[in-house]
Amino acid sequence: MKTKGILIKTFIGVFILGLVFPNTGLFRERENARIVARENRRITAFPKNSWREKSFYSNFEKWYQDRLRYRDKAVKRWRTFNARLGVILSDKIFRGKNQWLFNRNNVVQGFDYKEEKAVVLHKLQAYCSANGARFAFLLAPPKEAIYDDYFPPAERRKYRDYDYWEAQVKESLQRQGVRYLSVTDTFKAARRNDGAPLYFHDDHHWSYYGAALASKLVLEDWQAASEGNWYSWIALETTKRHVFKERSYANELGFGQTYETDAPWSAQFTDEIYAVDCNSGKESKMKKIVSNDYLWGKIMNGEGIIKNKTLKNKKTILILGDSYSSYMAPYLSQYADTVVATHYSRGKKFVNMPELLAKYQPDYVLLEMLGNSFYRSKEVQRIGKIIIPD
């Protein structure tokens with residue numbers, strides 16, 4: 001009986017501690033400051049309206065949640081626990097075949113201002129051509145477009161097949177004479193032929209293998225318009241290189257996935273790759289493969305510049321892209337003397353094309369955009385950030 005009493009008291013004590021301890025964060029301003037720094041937002045203030053109003057309680061809940069000690073860890077563990085039971089605690093993300101994660105918000109459901117976008121791309125292409133650079137537009141199809149057959153049947157029935165939207169892009173750009181490189185066609189052929197994963201199962205980005213195929217498409221188009229046979233694709237062997245990757249879907253769900261993966265590689269590829277500071281011009285030899293973790297900050301805040309010291313072709317490619325283009329950089333830098341990458345909108349008030357073309361004198365200009373970004377109406381403004389003289 002005495003032992004039973006001790007166990008009951010211990011249980012009650014642990015239970016009370018479990019209730020009290022998280023609430024000690026209510027009185028710790030240091031914890032509040034950490035939330036502000038980590039999540040880049042203002043912490044919710046205590047509601048000042050009357051407790052008789054309904055809004056008081058919803059605001060109080062937000063205030064309370066912002067001050068719970070170890071809130072993020074608790075949420076992560078709870079999500080992980082539920083995921084192991086097969087439960088996905090998200091309104092957006094769902095699980096498909098082979099445990100792949102997908103996002104409902106990334107399924108294309110409309111195409112706004114398609115003719116206006118085509119006109120802008122035509123204007124950009126004409127300006128690049130007038131300045132001696134071949135231009136091409138590459139639309140990175142969302143993972144949800146290429147692997148919709150992995151969706152649960154109930155999810156797949158909700159959405160129109162991506163081929164419908166792809167056809168509209170091709171038609172509108174063809175009317176304007178814009179050079180369009182269809183990654184969708186390339187990926188569908190790859191799935192039929194070898195079945196290697198083209199995207200990461202826990203992230204929205206394409207895999208390094210998918211990025212290699214997109215790079216091959218660009219290089220083939222570039223070679224077709226060039227003098228001399230400076231390019232020949234080197235087959236990717238069983239050789240692999242350790243690289244960084246994102247894990248956006250898993251991270252949002254609190255899954256304990258890894259940020260590391262392997263990139264398909266070739267023994268014929270060179271390691272004589274150098275990073276160049278866009279402001280000082282200082283060069284430094286890359287100690288690893290150029291990947292998203294290195295380039296992302298560079299393309300957001302200026303230009304990421306990669307030079308291949310072994311090439312004699314003196315070919316320069318300028319990429320106006322997003323994070324998808326950073327996964328292409330390891331492969332493009334094996335064939336082009338200089339790869340210059342910058343984001344077409346993020347982190348910038350505008351993208352000055354006259355300045356970029358004069359500074360880097362590229363032979364080839366690639367505009368790469370994620371499918372969802374291009375289809376959505378707000379992207380007219382993003383493309384409009386690229387300054388093109390009349």
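Biologist: In this predicted model, how many of the 17 residues of H10 are buried?

Modeller: Residues count as buried when their relative accessible area is under 20%. By that cut-off helix H10, which runs over residues 208–224, is mostly covered, and the number of its buried residues is 14.

Biologist: Which orientation do H10 and H13 have to each other?

Modeller: The axes of H10 and of H13, the helix of residues 323–332, come within 8 Å and cross at roughly 65 degrees. Because angles of 65 to 115 degrees are classed together, the orientation of H10 to H13 is described as roughly perpendicular.

Biologist: What is the handedness of the crossing of H10 and H13, and how do the contact residues divide by class?

Modeller: The crossing of H10 and H13 is right-handed. On the H10 side the contact is made by Tyr-208, Ala-211, Ala-212, Ala-214, Ser-215, Val-218 and Leu-219, which meet Tyr-327, Met-328, Pro-330, Tyr-331 and Leu-332 of H13. By class, the residues of this contact of H10 with H13 come to 11 nonpolar, one polar and no charged.

Biologist: Are H9 and H10 oblique or roughly perpendicular to each other?

Modeller: Helix H9 takes in residues 183–193, and its axis comes within 10 Å of that of H10, with a crossing angle of roughly 125 degrees. The class of roughly perpendicular covers 65 to 115 degrees and that of roughly antiparallel begins over 145, so H9 and H10 are oblique.

Biologist: Which residues join H9 to H10, and how many of them are charged?

Modeller: The crossing of H9 and H10 is right-handed. Val-183, Thr-186, Phe-187 and Ala-190 of H9 make the contact with Tyr-209, Gly-210, Leu-213, Ala-214 and Leu-217 of H10. Seven of the residues in the contact of H9 with H10 are nonpolar and two are polar, while the number of charged residues is none.

Biologist: How many charged residues are there in the contact of H5 with H8?

Modeller: Helix H5 (residues 114–130) and helix H8 (residues 162–176) pack with their axes 9 Å apart and at an angle of about 50 degrees, and they are therefore oblique to each other. Lys-114, Glu-115, Ala-118, Val-119, Leu-121 and His-122 represent H5 in the contact, and Gln-168, Ser-172, Leu-173, Arg-175 and Gln-176 represent H8. Four residues of this contact are nonpolar and four are polar, and the charged ones number three.

Biologist: Is Phe-135 buried or exposed, and at what relative accessible area?

Modeller: Phe-135 is found in strand E3, residues 134–140. Leaving aside neighbours within four places in sequence, Phe-135 is in contact with Leu-121, Leu-124, Gln-125, Cys-128, Val-178, Arg-179, Val-365 and Leu-367. Because buried means under 20%, Phe-135 counts as buried, with a relative accessible area of 1%.

Biologist: How far apart are the C-alpha atoms of Phe-135 and Asp-363?

Modeller: Phe-135 and Asp-363 are 228 residues apart along the chain.

Biologist: Where is Tyr-113, and what is its phi?

Modeller: Tyr-113 has its place in the loop between strand E2 (101–103) and H5, and at 47% relative accessibility Tyr-113 counts as partly exposed. Most residues other than glycine have a negative phi. Tyr-113, a residue other than glycine, has a positive value, near 55 degrees.

Biologist: What is the relative accessible area of Lys-314?

Modeller: Lys-314 lies in the loop between strand E9 (304–308) and strand E10 (316–321), and its phi is positive, near 55 degrees. Because exposed means over 50%, Lys-314 is classed as exposed, with a relative accessible area of 58%.

Methods: Residues are numbered from 1 along each chain as its sequence is written. This is a predicted model: local features need pLDDT of at least 70, side-chain atom pairs count only at pLDDT 80 or more; totals for chains, interfaces and linings use all residues. Side-chain values use heavy atoms; hydrogens and water are left out. Axes are lines fitted to C-alpha atoms, for helices over the stretch in contact, and angles run from 0 to 180 degrees between N-to-C directions. Helices (H or I, at least four residues) and strands (E, at least two) are DSSP runs, numbered from the N terminus. Angles under 35 degrees count as roughly parallel, over 145 as roughly antiparallel, 65 to 115 as roughly perpendicular and the rest as oblique. A crossing is left-handed if the near helix is turned anticlockwise from the far one by less than a right angle, and right-handed if clockwise. Contact means heavy atoms within 4.5 Å. Ala, Val, Leu, Ile, Met, Phe, Trp, Tyr, Cys and Pro count as nonpolar, Asp, Glu, Lys and Arg as charged, and the others, Gly among them, as polar. Buried means under 20% relative accessible area, exposed over 50%, partly exposed in between (1.4 Å probe, protein chains only).
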